[in-house]
Amino acid sequence: ADLDALRGGRFAANGSDSLSGWAALLDAMEPAAIGEVVWTGAHRASVLAVAEGRADAAAIDALCWDMAQRFEPAAKELVVLGWTRPAPAPPFVTSALTASGDRARIRAALVETLVDPETAAIRAELRLSRIVAFADTDYDDARALARLVRVAETARHRHHALPDRQQ
């Protein structure tokens, strides 16, 4: 099956504010092609919704899909229909009020953690191998997806109840 075959189908989605679990789906399909939305609150719950037949498909974050393949038996019943366009990793953030010296120390601690042999096992499980410095413009596609969600929310309010924004 491909996405065109799923037109009008039921799609599991984390929440209306999820870039990988909702905006990626809107980017891959016309919003009008999405029939019913099964709001799940999490990628794992979306995997389960599809595996249990409560939804026909879902957009799952690549790291979450990798983890589901390793740890969620229900994921073995699912197949990948396609991949969305690549996006940079989620950023590590701190308060804008954090002093620049403290920001430098936090960055250094992150880098040190990612080379510390004692963290090797957990880093392998989490698929963390390095920290990459992205330019702000590298997140422009993610911002475009966020705008797409805002436009689609306005249109979908006429047809489907959206969940409250999650904190």
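**Aspartate 56 and beyond**

Reader: Hi, I'm starting with aspartate 56: how does it count, given its relative accessibility?

Author: Aspartate 56 has a relative accessibility of 35%, and because this lies between the cut-offs of 20% and 50%, aspartate 56 counts as partly exposed. Please keep in mind that the model is predicted.

Reader: OK, and which residue does aspartate 56 form a salt bridge with?

Author: Its partner is arginine 10, and the closest N and O atoms of the two are 3.4 Å apart. The pair links distant parts of the chain, since arginine 10 sits in the segment before strand 1 while aspartate 56 sits in the loop between helix 2 and strand 3, 46 residues apart. Arginine 10 is partly exposed as well, with a relative accessible area of 27%.

Reader: How many salt bridges does the structure hold?

Author: There are ten salt bridges in the structure. Among them, arginine 143 pairs with aspartate 136, where the closest N and O atoms are 2.6 Å apart, and arginine 143 also pairs with aspartate 140, where that distance is 2.9 Å. Arginine 143 and aspartate 140 are three residues apart in helix 6, which means that about one helical turn separates them. Elsewhere, salt bridges that share partners join Asp66, Arg70, Glu125 and Arg127 into one network.

Reader: Switching to helix 2, which of its residues are buried?

Author: In helix 2, which covers residues 43-51, the buried residues are His43, Ser46, Val47, Leu48, Ala49 and Val50. What covers them includes strand 1, helix 1, strand 3 and helix 3.

Reader: And what does serine 46 touch in there?

Author: Leaving aside residues up to four places away in sequence, serine 46 touches Ala12, Ala13, Asn14, Thr40, Ala58 and Ile60. With asparagine 14, serine 46 also has a polar contact of 3.3 Å between the side chains, and serine 46 counts as buried because its relative accessibility is 0%.

Reader: Which residues have the most contacts inside the largest nonpolar core?

Author: That core has 17 residues, and those with the most contacts inside it are Phe11, Trp22, Leu25, Leu26 and Ile34. Helix 1 gives the largest share, five residues. A second, separate core of eleven residues includes Ala49, Trp65, Ala68 and Leu78.

Reader: One last thing, where is arginine 127?

Author: Arginine 127 lies in the loop between helix 5 and helix 6, and its phi is positive, about 60°, although it is not a glycine. Most residues other than glycine have a negative phi.

Terms used: Residues are numbered from 1 along each chain as its sequence is written. This is a predicted model: local features need pLDDT of at least 70, side-chain atom pairs count only at pLDDT 80 or more; totals for chains, interfaces and linings use all residues. Side-chain values use heavy atoms; hydrogens and water are left out. Buried means under 20% relative accessible area, exposed over 50%, partly exposed in between (1.4 Å probe, protein chains only). Helices (H or I, at least four residues) and strands (E, at least two) are DSSP runs, numbered from the N terminus. Contact means heavy atoms within 4.5 Å. A nonpolar core is a set of buried Ala, Val, Leu, Ile, Met, Phe, Trp, Tyr and Cys residues joined through side-chain atoms within 4.5 Å. A polar contact is a pair of N or O atoms within 3.5 Å; within protein, one must be able to donate a hydrogen and the other to accept it, and residues adjacent in sequence count only if both atoms are side-chain atoms. A salt bridge is a side-chain nitrogen of Lys or Arg within 4 Å of a carboxyl oxygen of Asp or Glu.
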